Amino acid sequence: MRVRVLGSAAGGGAPQWNCACPVCRDARRDGRDRTQDTVAVTGDGTAWYLLNAGPDIRTQVLRTPELAPGPGLRETPVRGVLLTTAELDHTLGLLSLREAVRISVYATATVTHALSTAFPLRPMLGAYTDLDWQDLTAGLVLDGGLLVHRLTVGTKRPRYAGDTPGEDWVSALRLTDTRSGSSFVYATCLPAWTPAFGTFVTGADEVLLDGTFTTDDELTRTTGRPGSAQAMGHLPMAASHPMTTGYPGTRFRYGHLNNTNPSLGADIAADGLELLTDH
Ligand SMILES: [Zn+2]
């Protein structure tokens, strides 16, 4: 299995186009660019799947040699997209994949319903490509031998979907290579570290955690805007980091950084970082 971070920022990216906060200013000055959260995974090095498809997907695919097309004229290693939320920063990129001859999209019934009604991305995309839209059920096996398990970790709706019904809004995914046995957990939107989540990550080789905010008050402290991290559905790093010490043998790193989050270092994912390689 190989796991590659294509984008390591929360919605808006970092720097964000209209933000002059210290983190965005420093990023502009130093030429650093975090694009919006998307991860690429493969079991066999040939069939690749995207975990979410953010607005920066075209740039991300172009700068990832493994995702280059060929040898057929419109042959692409990208087989499909697994959605963990219905948020715009995780779904808008699907519209940029409309040139695909065929693409598979996996989502919960809740997310699928939102993307069929409140934000009708599914029927829109289906007008442009051969769209194979499937339920993201536990026990799904992807091309290349990746086994998928899913856990609902949150019930927060996207802002556009205020009265759309459903419970399975925010998922964590666990991907296991059926040949090597290695496993990766993707949980970049994690509202709380529940016992169920603790069980879900037990024994994983690598986990990408919610790094949206360092502390619960980060957004208000840095921008003056109201809103605590936990009210926005994001467990702050200060609260999740102590939990990670209970899992020896598992490497935890953070993705989905908001542009207000100044964190750098070995535990912080950057665009292009390879999280796991055993292929
Ligand atoms: Zn900023």
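This report covers a zinc site and the aromatic pairs of a predicted model.

## Ground rules

Residues count from 1 along each chain as its sequence is written, and side-chain values use heavy atoms, without hydrogens or water. In this predicted model, local features need pLDDT of at least 70 and side-chain atom pairs pLDDT 80 or more, while totals for chains, interfaces and linings use all residues.

## The zinc site

Which atoms coordinate the zinc ion? They are Cys19 (SG), Cys21 (SG), Cys24 (SG) and Asn259 (OD1), at 2.2 to 2.3 Å. Donors are N, O and S atoms within 2.8 Å of the metal (3.2 Å for Na, K and Ca); water is not among the atoms, so sites may look incomplete.

The 4 donor atoms subtend angles of 101 to 115°, so the arrangement is tetrahedral (four donors, all angles between 85 and 135 degrees). The donor spacing in sequence is C-x1-C-x2-C-x234-N. Cysteine 19 and cysteine 24 are both buried (under 20% relative accessible area; exposed is over 50%, partly exposed in between; 1.4 Å probe, protein chains only).

## Aromatic pairs

The structure holds 5 aromatic pairs. Rings of Phe, Tyr and Trp (its six-membered ring) pair if their centres lie within 6.5 Å; planes under 30 degrees apart are stacked, over 60 edge-to-face, the rest tilted. Phenylalanine 119 and tyrosine 160 pair edge-to-face, 5.6 Å centre to centre, with 75° between the planes. The pair ties together parts that are 41 residues apart in sequence. Phenylalanine 119 is buried at 15%; tyrosine 160 is partly exposed at 26%.

Tyrosine 247 and phenylalanine 252 have ring centres 5.9 Å apart and planes at 65°, so this pair is edge-to-face. Tyrosine 247 is buried at 18%, and phenylalanine 252 is buried at 9%. Ring pairs link Trp193, Phe197, Tyr247 and Phe252 into a cluster.

Note on methods: Helix = DSSP H or I, 4+ residues; strand = E, 2+ residues; numbered from the N terminus. Tetrahedral: all angles 85-135°; square planar, octahedral: opposite > 155°, others 65-115°.
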